[in-house]
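Please keep the sequence and the 3D view open as you read.

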Amino acid sequence: MTALSAFHTPRHSSDSNALSLTGIFRRFQHIIELNNKALEIISAMEESLGGAYLFDKVFLERSIARLNDIIREVIYNLNAMSKNAYLGLYEPFEAIKNSLEDILSGGPGPYHDQLTLPYNQLNIDMDMLVGAKNANLGEVCNRLHLRIPEGFALTTQAYRLFMEENGLLEQIRLAFNANKNNEEVWRQVKQLFEKAVIPEQFEQAVMAALSELYERLGRRPALAVRSSAVGEDTERSFAGQFKSVLNVRHEDVFRACKQVMAARFSPQVMAYLGNDDISLNVLPMAIAVQEMITASVSGVIYTRNPSNPLKKEMVMSAVSGIGASLVNGSAPSDWYRLSRTHPFKLLEARLNTKAHEHCLDTMPSGLRRGSALLTPRMLQMVAEAALTIEKAFGRPQDIEWTFDDLNNLVILQARPLRLQSASPALQTELANQLQQLPLILKGKGQAAHVGIATGPVVHVSPEDDLTRFPVGAIAVSKNASPALSPILQRAAALVTEVGSPTGHLATIAREYRTPAIVGAEKATELLKEGMEVTVDAYDMCIYAGGIPDFLTMDTLEEDVFFESNEVRTMRRLLRWIAPLNLVDPSSSMFAPENCQTYHDILRFCHEKAVESLIHLQTLTPSSETMSSNLLEAPIPIGIHIIDLGGGLKPGAQPNKKGATVPLSGILSRPFNAILKGLLREGAWDKEPAPLGMRDILSGIARPSLSLMGIPEYSGKNLAIIAENYCNISLRLGYHFNVIDSYLTANPDNNYIYFRFVGGFADEERRKRRASLIVSLLQALFFRVEQHGDLVVGRVKMLDDQQTENILVKLGELIAFTRQLDVRMTDDESIDRFFDRFLKQTSAQTASVE
């Protein structure tokens, strides 16, 4: 055992009480409380980053200190309730904690001493290390998952090493001071760089990065070596001022790097800067080394039309092959004007007819069929990617792109598009326009992230193909499931019927700057698929219809607040805190070593704590020795009760062995809901099951204790209860039911786990009953897995009333399906009994909606 794990390992005595049911449950409750506190802190940090509150360094220090303590305690309690099964969580915790403390202290972060960094490690807040061009591409790739050229960055640390080892700065100063002829100075500077020696450490780092690049690609391509100076592609674009070297061979990489670094001191750059300040800290030059893309067509898109930025349109230019001739103005191009609204209708096209003399004919519209470089689908792909980037970066963008020889879209560069600021009068105009629209919802739910957005409504659920969600649409969902996170970089806004501002999905909405309202009752009913709506998350209103040009309020003006030192520090901190990478608990990647953020650790601990509770009766033998009492209820099964605290009313706890618990004494909310279903009139089929010889032989051949495959409490039917919790294990003849549920007023805490296995009939009939149960659970919003006659269903993050209604239905389902396997004589019986269940229950499935 390492010193670290020994320090953090919870101690367990040999006394069985150390792992008592009550103790495990108390640990679980504490994890839930800590999880909520942590999410509230993260929410406050993100809201502050969004401009909701002013903050200072003290706020950041206190927030990080509290999070460090909470996350450590969450990990401790999970290990305490799981016999130290997850000690591996301490390693990512310590790594994240150290990174946060370094950022808070003003440090450069964990990569400050690196000479090269692959693109999969870059993000927008690393511009001081790798330059804005590299940093922006890293953000496009790693956050938005859009394709960029494979490559790596040579950092400003590499640049400083090269300059210092060769003593270049002093020689360059002497050249500038001795000669006022810019061209002569530039000739001398180029000679200095040509003669400079590549430092050994520099060479080793670049060769290692190239080797890794070639291994990732499986080939040795021609390379592009580009400038990525600190300050380039930010407030000042430096467009066309620096050097890019294309089609570089492996043996020429260092020569190209020298040329790029030398261009920092070219006459046009020095004139562009407007001063003669020559130092390592002024415009330090990082470098981008990328694979050359075999381009079929390339171009540039502006996400706003510079000639009329208030219109909801964008403009694009394209040339055949690589885009160098377009950006340097040496070749004519095709030009397109598109709507900013999905599906991005083509409004105008001006084609370079000399380049398309092979076209077939002229259409009535005036466009020449077959003449355009870009197909409608290619136009849409570029538009979708461009608006996704604009949304993530929070301002209009100037984006260079290309299609490779397989027609894959590749983003080459993204930088801010400088436009005239929007008039303050637009705020008044926006308010006037909103007042003219019909109001659909007002004051329902809570704002997870403020903002205003308009677009068509698209209903979504975790089971949908989320990659097909249209860019710029309004996502409307019943539940705020973290599985919906992939759509948030594409959606204009999010509205859910269930959820809280401190939930996982709300955190991700803030990360992607997506206006979001959670907990808006009847949203899926009132917001019809396809209708155009405007979501105002500031005032918690949703209107029918759209607002022309409303986006100008958010994206045309640049707020200096968002570039302040405090905000940049907050943004860097949140990258180690807020993103959620572990979204699928069933994935093999859902493991401690893959936790990259505090949010990942919280999600992992919450899921594993719930998992431990589900198997509560198998975690400790104490359930066999704890006192239990039989429930007094008019149902054909006996259920024994163990109260963990708060599950029974005061005075209802029997004071002697063998005494019963009256129904009126049950206080546990989830258990009461299940009992309500079990007690429904007509829920139990009292007719004898029609057993055949095949069923009898099948039942005899199946040892009942092996049905579950794991040790179970196999004597009594047992309910372990607390005020907001129940874990029920029912042995009904030859099949088993397990229901585990936590039910509170906070939807983020609520879940139901349902497991069913076994039966007396032959295998085919048992499978049919299992298929029937799967259909019924899916109608109740469960995510279900079936393996033969084993059914496992999970539902979570519903509000308390929905959760309670589902538990009532589960009680009815338990009663309805007892001994039903022997009646499942054919496949048609699945639909027949499905309809019968719906008719038999007093409320339809829709009542839980």
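Glu313 is buried, with a relative accessible area of 6%. Here, buried means under 20% relative accessible area, exposed means over 50%, and partly exposed is in between (1.4 Å probe, protein chains only). Arg337 also counts as buried, at 19% relative accessibility. These two residues form a salt bridge, and their closest N and O atoms are 2.9 Å apart. A salt bridge is a side-chain nitrogen of Lys or Arg within 4 Å of a carboxyl oxygen of Asp or Glu. The pair links distant parts of the chain, 24 residues apart: Glu313 belongs to strand 7 (residues 313–320) and Arg337 to strand 8 (residues 334–339). Strands (E, at least two residues) and helices (H or I, at least four residues) are DSSP runs, numbered from the N terminus.

A word on the source: this is a predicted model, in which local features need pLDDT of at least 70, side-chain atom pairs count only at pLDDT 80 or more, and totals for chains, interfaces and linings use all residues. Residues are numbered from 1 along each chain as its sequence is written, and side-chain values use heavy atoms, with hydrogens and water left out.

How many salt bridges does the structure hold? There are 35. Three of them are set out here.

| Residue pair | N to O distance |
|---|---|
| Arg337 and Glu313 | 2.9 Å |
| Lys478 and Glu497 | 2.9 Å |
| Arg794 and Glu785 | 3.9 Å |

Lys478 and Glu497 are both buried. Are Arg794 and Glu785 buried or partly exposed? Arg794 is partly exposed at 42% relative accessibility, and Glu785 is partly exposed at 39%.

Salt bridges can also join up: Asp125, Glu139, Arg143, Arg571 and Arg575 are linked in a network of them. Side chains of opposite charge can pair when their charged atoms come close.

Finally, turn to Thr388, which lies in helix 13 (residues 376–393). Thr388 is buried, with a relative accessible area of 5%. The side chain of Thr388 reaches the backbone oxygen of Glu384 at 2.8 Å. Which residues does Thr388 contact, leaving aside its neighbours within four places in sequence? They are Leu144, Val471 and Gln489, where contact means heavy atoms within 4.5 Å.

How values were computed: Polar contact = N/O pair within 3.5 Å; in protein donor to acceptor, adjacent residues only side chain to side chain.
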